[in-house]
Amino acid sequence: MQAHIVFDPSRWTLQLLDQRRLPWEETWVECRTVADVVAAIRPMVVRGAPAIGVAAAYGCALACREVSAHASWRTAVEALLADLAQARPTAVNLSWAVGRVAARIAKAPDPAAAALAALDEARAIHDEDVAMCRAMGRLGAALLPQKGTVLTHCNAGALATGGYGTALGVIRAAREMGKDIRVLADETRPLWQGARLTAYELARDGIPVEVICEGAAASMMARGEVDAVIVGADRIAANGDTANKIGTLGLAVLARHFGVPFYVAAPHSTFDLSIASGAHIPIEERAAEEVTHPCGSRLAPEGVGARNPAFDVTPAELISAIITERAVLQPPTAATIAQVLGGRV
Ligand code: MRU
């Protein structure tokens, strides 16, 4: 996969590959201001928890560049960053990245110095994210069989991260190790991240992938056609309860029923150790039109509404292991999480 989040220092702009348009066309959205970044994150030009964090980190650099060097420039930057941190509620990587850049610029003497420091920190966050994906990939690949089929949901690939991917990073690493892994991509309604994005990036890399209807997962497992399920995460509570794309919980229940291992791959930036359990994870509710108008065309009758929770929470007890860049937490419990991630940054 080519880079999809690119900062151009000569023009001081952030270029984002527009994921709403994939796989039909590869168009880019240019962000000149932090408001442009917020306006890209909300409708999902850029999406996937780690990728949102990376884009937001660059957005912090744009914010510093926007304010002029008056006495209250710091307050003005803080207000912009607060807005950015709330662009989407569930992916904790967003507020984590904004908080990390904010800490970096805390001692900057003026906005120009803050902008340079913020850009430096954003680049570090971006590079580290790719490195964490690769480390997760190496650790997680050992869990997969020499030959088999892995089911994944949504897109937790290069497009959802700084590059390489979390769940898809594990699959990529397994293939790089010579394992014969095939992928079933759950279509992932209502925005089709599996059918559009996972299929797009795996096909481009020559990794065998087939799209399945979400309703097909149970029968594929019942027929013994799934050796493992691997997904990403948007926020993991201190006890291992995991928020991910709506539909993940159903897969975890099915996997337990059919005896299929269910893995979550996520970097330390996706853990929210300030909350004891998944009950405290804020769940984004998105517009009803995403459900009633798939790909922009009305499907439901006029006047009929819809519910559109974008994420669900899978209890830790349904998760066979959480793969982080530091260790495989198997099983994930408050104790194993605290041990590996307690003093995390
Ligand atoms: O609404 P999205 O497309 O941003 O949701 C993305 C997911 O749920 C991903 O699985 C998650 O962010 C992990 S991405 C490595």
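This note covers the ligand site, the salt bridges and some backbone features of a predicted model.

1. Basis. The model is predicted: local features need pLDDT of at least 70, side-chain atom pairs count only at pLDDT 80 or more, and totals for chains, interfaces and linings use all residues. Residues are numbered from 1 along each chain as its sequence is written, and side-chain values use heavy atoms, with hydrogens and water left out.

2. Ligand shell. The ligand is surrounded by 19 residues (a residue is near if one of its heavy atoms lies within 4 Å). Arg47, Ala49, Arg88, Asn244 and Lys245 are the closest. By type, the shell holds eight nonpolar, seven polar and four charged residues. Here Ala, Val, Leu, Ile, Met, Phe, Trp, Tyr, Cys and Pro count as nonpolar, Asp, Glu, Lys and Arg as charged, and the others, Gly among them, as polar. Helix α2 (49–66) and strand β9 (242–245) each give at least two shell residues. Helices (H or I, at least four residues) and strands (E, at least two) are DSSP runs, numbered from the N terminus.

3. Polar contacts. The cut-off is a pair of N or O atoms within 3.5 Å. Lys245 places a side-chain N or O atom 2.7 Å from a ligand oxygen. For Arg47, a polar side-chain atom is 2.9 Å from an oxygen atom of the ligand. Arg88 also has a polar side-chain atom 2.9 Å from a ligand oxygen. The protein covers 100% of the 410 Å² of accessible area that the ligand has on its own (Shrake-Rupley method, 1.4 Å probe).

4. The ligand takes up the space of the largest cavity. A cavity is a set of points, on a 1 Å grid over the protein atoms alone, where a 1.4 Å probe fits but cannot get out. A molecule sits in one if more than half of its atoms lie within 2 Å of its grid points.

5. Salt bridges. The count is 21, with a side-chain nitrogen of Lys or Arg within 4 Å of a carboxyl oxygen of Asp or Glu as the rule. Arg172 pairs with Glu201, with closest N and O atoms 2.9 Å apart. Arg172 is in helix α6 (residues 167–176) and Glu201 in helix α7 (residues 193–204), so the bridge ties together parts 29 residues apart in sequence.

6. Backbone. Leu22 and Pro23 are joined by a cis peptide bond, omega about 5 degrees. Pro23 is in the loop between β2 (13–17) and β3 (28–31). The Gln330 to Pro331 bond is cis too, with omega near 0 degrees. Tyr164, a residue other than glycine, has a positive phi near 80 degrees. Its loop runs between β4 (147–152) and α6.

Definitions and conventions
Polar contact = N/O pair within 3.5 Å; in protein donor to acceptor, adjacent residues only side chain to side chain. 1 Å grid on protein atoms, 1.4 Å probe; cavity = no way out; pocket = protein on both sides within 12 Å on 5 of 7 lines; lining within 4 Å.
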